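Subject: Structure handover

Hello,

Here is the structure for your files. Please open it alongside this note; the findings follow below.

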Amino acid sequence: MSAPLLNVHDLRVIFAPAAPGQPPARVVDGVSFALDAGDSLAIVGETGSGKTTLARALLGLHPAGSVSGSVQLGGQELVGLDEGRWRPLRWQRIALAVQNAGTAFDPVYRMGEQIGEPLREHRGLSSAEATARAAALVAQVGLTERHLRAYPHQLSGGEKQRLMLAMALSCDPELLIVDEPTSGQDMLARAQVIALLRAICAQRGTALLLISHDLAAVSQLAGQVAVLYAGKLAEVGATRDVLSAPRHPYTWGLLSAYPDMSTARDLSGIRGQMPDPTHPPTGCRFHPRCTQAVDECRRVEPPLQLHNGRRLACHLGGLRALLRAEGLRKTFTTNGHLGPAQNVEAVRNVSLEVYEGEVVGLVGETGSGKSTLGRLLVGLLDPESGSIVFEGNPLALNNGSASRHLRRRIQLIPQDPFDSVSPYLTVCQIVREPLDVQRAGTPAERRERVREALAAVGLPTLDAFLARHPHELSGGQLQRVVIARALVLEPKLIVADEPVSMLDASEQAKLITLLEDIQNERGMGLLLISHDLALVRKVADRILVMRDGQIIEGGPSSQVLAQPQHEYTRALLRAAPSFDWYTTSSGGNRP
Ligand code: SF4
């Protein structure tokens, strides 16, 4: 096996303190990866993750002494090279197309002179030869000699980005590093830059290191992806695998925040902020933002290692399944009033998983078995067979205090709030009930937690409101009270059974947005049971379709909605509410 073109090992970029007594900034902290000739790798992460600092370290562009570790290009060590020994390398073997080409060019020189500079400097071409070569390069990036005669301010951002690429390619490097090539571009210019990069790398066999937060561009340009968080790699793998099935909680967050045309789900940002590199958190750097962090995460740094075929830095092996149900069955016997008693299989051999921070939509028509399945999962019904494991503990095996503890972690939001609460209880008593059952805290602490739960769902916390009874509340207010009751024990998983079906569209929108926000902030799992596909597609990461007690289809929402495999799913999609003029050729009564 031949050695990789680029071999990066334990690379660190640590900038000296800004002032005496201040800590140094550990911007890149122990990064290792390799890139073969002609291959492509993307480094992705939020702003401040260290991507650009990493790219500049590969070209020796940081102050002496700030970079340590090893960067080998074709076997030659680059860390610690003096400027004289960099001369035959930069532009000629390794070139960088910097971020924000709009400000990277010198405003007082024409573009032709600037693109020709590396050719004159490093290839020793005459001015005439450099001009001819520059003309060929701009043609290759789809521009003309007019662009060579222009000053930077006379060109659009997209044109300057292309010229930056032409300049980086001028000396035909083996490795091209491109920093945020699509950032700030309009959609058409962005598509052109992506097509151009693909064509260039394919034609020339240039290895590509792409630095980007544009995950769609990454999916089109890079074979491998490495996710960088706070200067450390969190997840590495084949781009298709990582972006279609992220395993690290941070990668999951990046994808949930990314506006992709193929997903219908609302966007959700990653809670919290990127840490300051002068004060990185101990243990796993992602732990203050991670909803599944355990004690070890705060103390011990997780190494990047293989977990089930994926390189991850996570003590838990990545996103963990909160709930795993296998082979569940539930049969009811009819009472025989309208004929002979019969056995009805409401749930037939159902298996499913809900992951940390995930919203799973369970859809199907009335009578498909959705609600029975929901009640099995929260323990309100016992299955005849099958198993349910929640946070690693078999549900059926828990009893006594262990069972009580487990129960508080899974809560149900029922369909009809008027049906699910006693009309004789006050708001305070309704929300406090789970705390009373669990004997959690003192009476004063319980009342305070009731107020916190009511505030979380946007309800008043005044004594007068706490003393109200269900008949004194609107449907929307009572459903919020029921949600507050589900939240008061700070559950890890919520099973919401048609939680907004009794409400008008405006209240539905408000409550679903509220549930989404709470779910995202707390990192809970949410199993949303609904017959309303239009609603589910706005919130669900994954959709399961249930019919006659069985799950007949399931997958990422975008996949189930765009390419339904089962005729029943297609029928549900056709029946989902949609304005007439978007679904028929009649055009409807358009305003
Ligand atoms: Fe880091 Fe722990 Fe979260 Fe894994 S579970 S990403 S180790 S905080």
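First, a term: buried means under 20% relative accessible area, exposed over 50%, and partly exposed in between, with a 1.4 Å probe and protein chains only. Helices (H or I, at least four residues) and strands (E, at least two) are DSSP runs, numbered from the N terminus.

Two notes on sources. This is a predicted model, where local features need pLDDT of at least 70, side-chain atom pairs count only at pLDDT 80 or more, and totals for chains, interfaces and linings use all residues. Residues are numbered from 1 along each chain as its sequence is written, and side-chain values use heavy atoms, leaving out hydrogens and water.

Helix α19

This helix covers residues 475–487. Of its 13 residues, 11 are buried, so α19 is largely enclosed by the rest of the structure. Among the buried ones are Gly476, Leu478, Arg480 and Leu487. Their cover includes β18 (410–413), α16 (427–438), α17 (443–456) and α20 (505–522). Contact here means heavy atoms within 4.5 Å.

Strand β10

Strand β10 spans residues 232–238, and six of its seven residues are buried, so β10 too is largely enclosed by the rest of the structure. Strands pair if DSSP finds at least two bridges between them. Six bridges join β10 to β9 (residues 224–229), and the two run antiparallel. Ala226 stands opposite Val236 in β10. The hairpin of β9 and β10 has two residues between the strands, and Ala230 takes a positive phi near 50 degrees there.

β10 is also joined to β12 (residues 310–312), by two bridges and again antiparallel. Glu235 stands opposite Leu312 in β12.

Best wishes

Conventions: The expected span of a helix is 1.5 Å times one less than its number of residues.
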